[in-house]
Amino acid sequence: MQQQRIELLRPQMGTTRALTVRTYGTVGKGPKAYFQAALHADELPGVLVLHHLEKLLADAETKGEILGEVVVVPFANPIGFTQYVDMKPLGRFDMRTGQNFNRHYPDLCDELIVAVKGKLGQNGTENVAIIRTELRRLIKERRASSGPMTDLQDLRFTLAELAIDADLVMDLHCDWEAAMHLYTSDSSWPDAADLNAQIGAGACLIAEESGDNPFDEAFSLPWVVMRREYGEAFPIPMATLATTIELRGEQDVYDHYAAEDAANLFCFLQRRGVIAGDPGPLPVAKCDATPLAGVDRVTATHGGMIVFSTKPGGMVKAGQELGYVLDTETGEKTPFSSRTDGFMYARVGGRLVVPGGLLCSVAGPNVLPGKSGNLLTAR
Ligand SMILES: [Zn+2]
């Protein structure tokens, strides 16, 4: 294992922050997997999962079983780690800019289209290598031409540079109160079916572009665009499987979950040839992929307190009461329900809600009417 400490841009006098990066296996040899946790800095289940996974990786490395390269960033957001208000950690948004830590990753697609012109051939493997060479070059160029940057921009570039040429990009998150679920690209389905089954996800939400460039799409979208632009003339595989794995809810920080999740991710790496050994039979999948545009984000029609009658992790029917919002000043009591049948995979963590505030999310099988724009926040 090689450990690196990457100093981030020093935002102010007397301050330093750094990313720890550990690499197992041999750099540049075999398939590359990239893992990071806590990009939303208050989402800790992934940090514990990587703690367990790294023990398995270290053991595999000792036995010479790592066939490729596994890069682990055990905590991806030292900026967010230091943000506290009213004794609560606030790691989702950068408090100085208000920006979501998991948005605005470099979109290199336009430059990539130009950069590979005239270079692609009839060998898919060689095309992957050509595209990755250009991606590595373009992200350095983008950084160099960005002028003075904030520590947040530096963090985004640094993480993206670490993951840009990986075959597997695994960004570990969690929801407020939730069942295991994941996000990936339309073009990565059914390729991601083994991951979906192995980790026991209850929902697998797919979208080619969900809006505002979240981390995982910075690595899947270049391949989508390359295939769209050049795929008829040249063989271009969907070379990077990038995914955001939501490891249940933010309070679900337990060894029994994390050890099981780490073992499943290790099996997945074996199945993908990153690590030697038999992963055993693939578990039966709990779900098929469903469109991210099929998610109903159930919202409150008025302010008040939320009284849930349903927990995440089960199927619900359209129109079925999932709970109610109560305003004890006016006496208003409004039951809420989903517009679609589907799997209720998450609900909010707080119990006070404002008009239009999110209550819970249900993954339906079909695209909901009028659902467009930013799919990660659209109703
Ligand atoms: Zn998150």
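Reply: The lining of the second largest pocket in this predicted model divides into 4 nonpolar, 6 polar and 7 charged residues (Ala, Val, Leu, Ile, Met, Phe, Trp, Tyr, Cys and Pro count as nonpolar; Asp, Glu, Lys and Arg as charged; the others, Gly among them, as polar). Altogether 17 residues line this pocket, and Val27, Lys32, Glu69, Val71 and Asp165 lie nearest its centre. Its volume is about 350 Å³, taken as the space filled by probe spheres set on grid points joined across faces, edges and corners.

At least two lining residues each come from β1 (2-7), β2 (18-25), β4 (69-73), α3 (124-144) and α4 (151-163). β1 gives the largest share, 3 residues.

On a 1 Å grid over the protein atoms alone, a pocket is an open set of points with protein on both sides within 12 Å along at least five of seven lines, a cavity is a set where a 1.4 Å probe fits but cannot get out, and lining residues have an atom within 4 Å of a point. There are 2 cavities of 30 Å³ or more.

The largest cavity has a volume of about 70 Å³. Around this cavity you will find a run from Tyr105 through Pro106, Asp107 and Leu108 to Cys109, together with Leu135, Ile164, Asn213, Glu217, Ala218, Leu221 and Pro222. Helix α6 (residues 217-230) brings the largest share of that lining, 4 residues. By class, 9 of the lining residues are nonpolar, 1 is polar and 2 are charged.

The second largest cavity comes to about 40 Å³. Pro45, Leu48 and Val49 line this one, along with Leu247, Arg248, Asp252, Tyr254, Tyr257, Ala258 and Asp261. α1 (45-62), β11 (241-249) and α7 (255-271) each supply at least two of its lining residues. Its lining holds 7 nonpolar and 3 charged residues, with no polar ones.

If you are following along in the viewer, residues are numbered from 1 along each chain as its sequence is written. As to the limits of a predicted model, local features need pLDDT of at least 70 and side-chain atom pairs count only at pLDDT 80 or more, while totals for chains, interfaces and linings use all residues; side-chain values use heavy atoms, with hydrogens and water left out.
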